[in-house]
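Hi,

Here is the structure I said I would pass on. Have a look at it first, and then read my notes below.

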Amino acid sequence: MIDTHSHLYSKEFDADRDAALKRAIGNGVSQFIIPSTDMSDFDAMMKLCNDYPGVCFPAVGLHPTSVKDDYENELAFVEKQLDLNRFVAVGEIGIDCYWSVDYIVQQRDAFERQIKLAERRNLPIIIHARNSFAEIFAILDRVHNSNVKGVFHGFSGVRDDYLKIKEYGTFMIGVGGVITFKNSKLSQVLDIVPITDMLLETDAPYLTPHPYRGQRNESSYIPLIAQKIAELKNISIEEVDKITSENAKAMFNI
Ligand SMILES: [Zn+2]
């Protein structure tokens, strides 16, 4: 299995990062996409990926909640890094109207410009969308073409959001711990999402799946998410592993 969204470099793992990675590998999770969020965590992200080549794959981007007054500097940093190193995606990027809309104008600008950075390099984008599907769609409607591909990470939308995403034709849905929550309506939405459009992800250390909800999330819990998808689609967990791994390899070119 492939965890397509893990912040394993974050300080929550300072005490046991290697052990957490080994636990995940022991549970059948063999590769990890590791997105940074801004300059402040970039070095830690790169160190992890350099320590585990072929296992941890780096993505660089300016996260919407990190868009502040200095966002031009941050965007210049992303562009410079894309020229210096090999990344599997631009991310995570997007729009977040949940935490704050103080910088919404700058968020829109940063998202659109990073889509174009990715497009020019033929890289997928990792989209963070929180209370912001209308904002995201407005930008994609303007700039999307067949070279713009990616994943809606931690997908939290409704059926109409998925149907709209499907129209673009080049995006997948990142499915994480929320699918295991007892009160989640996500399963009903995922009913209409074929598994060929799904990627597994944890978003560790956040969004911990049941029955570990409330504790730190880690990639070793990916099988809990795969199992839930297997039940939903009435197929084996091996089949979920096979198809979502193929999806991830095709999306991130790994
Ligand atoms: Zn994330």
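**Aspartate 38 and its surroundings**

Aspartate 38 counts as buried, because it has 20 C-beta neighbours inside 10 Å. Bear in mind throughout that this is a predicted model. You'll find aspartate 38 in the loop between strand S2 (31-35) and helix H2 (39-51). Setting aside neighbours within four places in sequence, aspartate 38 is in contact with Leu62, His63, Ser66 and Glu74.

The strands form an open sheet of eight, in the order S1-S2-S3-S4-S5-S6-S7-S8, with parallel pairing. Strand S1 (2-3) and strand S8 (198-200) are the edge strands, each pairing on one side only.

Two of the pairings, in a bit more detail:

- Strand S4 (residues 89-96) and strand S5 (residues 125-130) are parallel and share five bridges; aspartate 96 has arginine 130 of S5 as its bridge partner.

S7 (residues 171-175) is worth a look. Five of its five residues are buried, so the strand is largely enclosed by the rest of the structure. Both faces are covered, with Phe171, Ile173 and Val175 on one side and Met172 and Gly174 on the other.

**The core**

Val175 turns up again in the largest nonpolar core, which has 67 residues; Leu8, Ile34, Ala59, Ala89 and Val175 are the ones that touch the most other members. Leucine 8, leaving out neighbours within four places in sequence, has contacts that include Phe13, Leu21, Phe32, Ile34, Leu48 and Ala204. Arg17 and Ser219 are among its contacts too.

**Helix packing**

Helix H3 (residues 71-84) and helix H4 (residues 104-120) pack at an angle of about 10°, and their axes are 11 Å apart. That makes H3 roughly parallel to H4. On the H3 side the contact is made by Tyr71, Leu75, Val78, Glu79 and Leu82, and on the H4 side by Gln106, Ala110, Arg113, Gln114 and Leu117. By class, that is six nonpolar, two polar and two charged residues.

The other pair looks like this: the axes of helix H8 (residues 222-233) and helix H9 (residues 237-252) come within 8 Å and cross at roughly 105°. H8 is therefore roughly perpendicular to H9. Pro223, Ala226, Gln227, Ile229 and Ala230 of H8 meet Ile237, Val240 and Asp241 of H9, a contact with six nonpolar, one polar and one charged residues. H8 also lies across S1, S7 and S8, and runs at about 150° to S8.

**Backbone points to check**

- The peptide bond from glycine 91 to glutamate 92 is cis, with omega near 10°, and glutamate 92 sits in strand S4.
- Histidine 210 and proline 211 are also joined by a cis peptide bond, with omega about 5°; proline 211 is in the loop between S8 and H8.
- Asparagine 122, in the loop between H4 and S5, has a positive phi near 60°. It is exposed, with 9 other C-beta atoms within 10 Å.
- Asparagine 234, in the loop between H8 and H9, has a positive phi of about 60°. It is exposed as well, with 6 other C-beta atoms within 10 Å.

Cheers

Technical notes: Residues are numbered from 1 along each chain as its sequence is written. This is a predicted model: local features need pLDDT of at least 70, side-chain atom pairs count only at pLDDT 80 or more; totals for chains, interfaces and linings use all residues. Axes are lines fitted to C-alpha atoms, for helices over the stretch in contact, and angles run from 0 to 180 degrees between N-to-C directions. Helices (H or I, at least four residues) and strands (E, at least two) are DSSP runs, numbered from the N terminus. Angles under 35 degrees count as roughly parallel, over 145 as roughly antiparallel, 65 to 115 as roughly perpendicular and the rest as oblique. Two residues are in contact if their C-beta atoms, placed from the backbone, lie within 7 Å. Ala, Val, Leu, Ile, Met, Phe, Trp, Tyr, Cys and Pro count as nonpolar, Asp, Glu, Lys and Arg as charged, and the others, Gly among them, as polar. A nonpolar core is a set of buried Ala, Val, Leu, Ile, Met, Phe, Trp, Tyr and Cys residues joined through C-beta atoms within 7 Å. A residue is buried if 20 or more other C-beta atoms lie within 10 Å of its own, exposed if 12 or fewer, and partly exposed in between; C-beta atoms are placed from the backbone. Two strands pair if DSSP finds at least two bridges between them.
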